[in-house]
Protein chains: 2
Amino acid sequence: MKNFKYYAPTKVMFGKDTENKVADLVKEFGGTKVLLHYGGQSAEKSGLLGKVEASLQDAGIAYVKLGGVVPNPRVSKVREGIELCKQEGIDFLLAVGGGSVIDSCKAISSGRYFEGDVWDLYLKKAHATQYMPIGCILTIPAAGSEMSDGSVITNEEGWLKKDYCVDEFRCKFAIMNPEYTCTLPAWQTACGVTDMMMHTFERYFSVDDDMEVTDSIAEALLRTIMVEAHKVMKNPNDYDSRAQIMWAGSLAHNDLTGCGTTGDWATHNLEHELSGMFDVSHGAGLAALWGSWARYTRGENMNRFARFAVNVMGVPLMSQTTEELAEAGIQAMEAFFQSIGMPTNIHDLIGRDITDAEIEEMADKCSNGGTSTIGGLMELKRDDMVNIYKMAK
Amino acid sequence: MKNFKYYAPTKVMFGKDTENKVADLVKEFGGTKVLLHYGGQSAEKSGLLGKVEASLQDAGIAYVKLGGVVPNPRVSKVREGIELCKQEGIDFLLAVGGGSVIDSCKAISSGRYFEGDVWDLYLKKAHATQYMPIGCILTIPAAGSEMSDGSVITNEEGWLKKDYCVDEFRCKFAIMNPEYTCTLPAWQTACGVTDMMMHTFERYFSVDDDMEVTDSIAEALLRTIMVEAHKVMKNPNDYDSRAQIMWAGSLAHNDLTGCGTTGDWATHNLEHELSGMFDVSHGAGLAALWGSWARYTRGENMNRFARFAVNVMGVPLMSQTTEELAEAGIQAMEAFFQSIGMPTNIHDLIGRDITDAEIEEMADKCSNGGTSTIGGLMELKRDDMVNIYKMAK
């Protein structure tokens, strides 16, 4: 088993009415003036934003509102948030929403005390040394940002999508009330389910074969997510299934499923270019690419794909070859994606054929003009990226 | 799914040579003068203690040594540690050892600033409001104290064994190098394996049936622990299997396997009286009692015991009744305990028949003279405790 660090300090309050604890939690972690950061109208419509505002007011905690975070959150909004924090003397960031809002908060956190432009942190040109504390009330289970160390931001100038990961990005607290997820449309639910499964895949499909505890937990999570996903697709108001999915989403990305493994993350990197270029949902983009990535790279550890087929997808183990098993597992996974309405190729994702020029442009961006590689299971160069995008056409 | 809080803030550094990070970690969490707390000679013999001392010296961190912690750690040693911390102006507690040493550190942490006697905290007569930070280097995977909020201390006056649980008891960091566990004797390894399985059982055998994520993770952990336990019994120097067991021990008790469930903890409570009276190993005591507890209480949720039989113990599901399945699972579990050398009744544990008078005395202590009950799956009164002890004779 490879050495690892595991650090998931976020205090999770999970279940009905937990949003009522928000003011106490802000105080516990030293917040006296809050930036209340959110997306569009859903947080207002659901009544959650009003409830949070009332809680903060009752507790005598000052706050400033900044809404308008969009999916694939923009660096322009981050810069607006940083300025607001400086002007208003804000000392605590509270995200109300999904991964985009939390990621935007994280970016603001890193840029608040940084002397240069926040985007330079995401370009890894610099490293921030001081961060603002963040708490969140999660309303969309998907990105796992509520317990992760990462943030992904899109720069509209050139539609670049980049991540920045530091332990200081781990939320101080995460409030999760599954009731607020019952109104999520089927498409968004399915994108979320795909994203959390992919967070597990990126750690599970590894060159390492000696982290049985981690693997068995990953397999348990994957099986459970699939069962519960079908339940919420049938009955969107099934609280218990919504709760399973919500909690699974956090565990899929708080590093629990990566202890002792070499992460891959190639599918995520390839997808960032897709959603950067076409502004599609991250989860759907991942589903469109994963099968092609899997078929391209499985030779690096065919046994692991075979194990996945049997232990996760329930492929009966008979006298198949390892490669046959691996292929059966990939096909079963694609069938699951389709069963929840996800695309399994780029055409179905963007509604038209992608052009070779677009593929070349994405591969260029993803490889920084051919200068960098991605992937832990298999190191992918620019040409490999082009090949996978073409396989996924 | 029941509401829950999940808070596991301990920074884990896992793997070979991680003990070299100790000085940096003490500094990171603000330690300037350390109480180096440990047990007997094994920490010295293994060279670990010397390594830690050298690291602290090199980093210019002052420290005072206090060894001599015994299994079922005593309140007298705790009081000695508290006095030492006061005299020496110590601001950080570093445990080098297993659960007993960590629990002793936790007790010192709670008593350092408390005006009364530390034992009153364990009797729940008072609550401490200020605690010292704790870090640990784990050498025995078993108790899970390295990530838990609990501490169990034995008072030699009357041989009472009591626990005290607060979030402030969560270690700031936990260093885990499986290499130091390779020299553990088979008996101690088996006791540790039993303890970590029981930490999962106490949360898994619940009245609740709607926390699929948690259950599936618990089942995965249990299956993995059993497989890896047999591997280390055969080959004590199998680093990878030692690593699986070590990490499983932490996950079994950091509350991950209890998210959304009603804990039981009756077997632990019943066992504390056994090891309090006979000074036996906690893990062995648990193995001696569990089957009897399971048969006594399973009627409260027979389905769960049947599920355990199939999903964890691999009992083939044919046309058995639920009760037959439950019994088969319990028998398979007892067979596993025996396969790693654990007793499954009190006679095998203490080497003689237990007397009725001893049983009555244990039930008296466990029920506080008949005034309190234990158990989440089934509420056990004094008479129930006597019945279970007698079944386990």
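This is a predicted model: local features need pLDDT of at least 70, side-chain atom pairs count only at pLDDT 80 or more; totals for chains, interfaces and linings use all residues.
## Basis of the model

Residues are numbered from 1 along each chain as its sequence is written, and chains are lettered from A in the order in which they are written. Local features need pLDDT of at least 70 and side-chain atom pairs count only at pLDDT 80 or more, whereas totals for chains, interfaces and linings use all residues, and side-chain values use heavy atoms, with hydrogens and water left out.

## Helix H15 of chain A

Helix H15 (residues 356-366) of chain A has as its buried residues Glu358(A), Ile359(A), Met362(A), Ala363(A), Lys365(A) and Cys366(A); helices here are DSSP runs (H or I, at least four residues) and strands likewise (E, at least two), numbered from the N terminus, and buried means under 20% relative accessible area, exposed over 50% and partly exposed in between, with a 1.4 Å probe and protein chains only. Seen down the axis of H15(A), these buried residues fall within an arc of 160°, so they line one face of the helix, the arc being that of the directions from the helix axis to the C-beta atoms.

Their cover includes strand E7 (160-165), helix H10 (266-278) and helix H16 (382-391) of chain A, where contact means heavy atoms within 4.5 Å.

## Salt bridges

A salt bridge is a side-chain nitrogen of Lys or Arg within 4 Å of a carboxyl oxygen of Asp or Glu. Glu358(A), buried at 15% relative accessible area, forms one with Arg352(A) (2.7 Å, N to O).

In chain B, Arg382(B) and Asp364(B) meet in a salt bridge (2.9 Å, N to O). Arg382(B) lies in helix H16 and Asp364(B) in helix H15 of chain B, so the pair ties together parts that are 18 residues apart in sequence.
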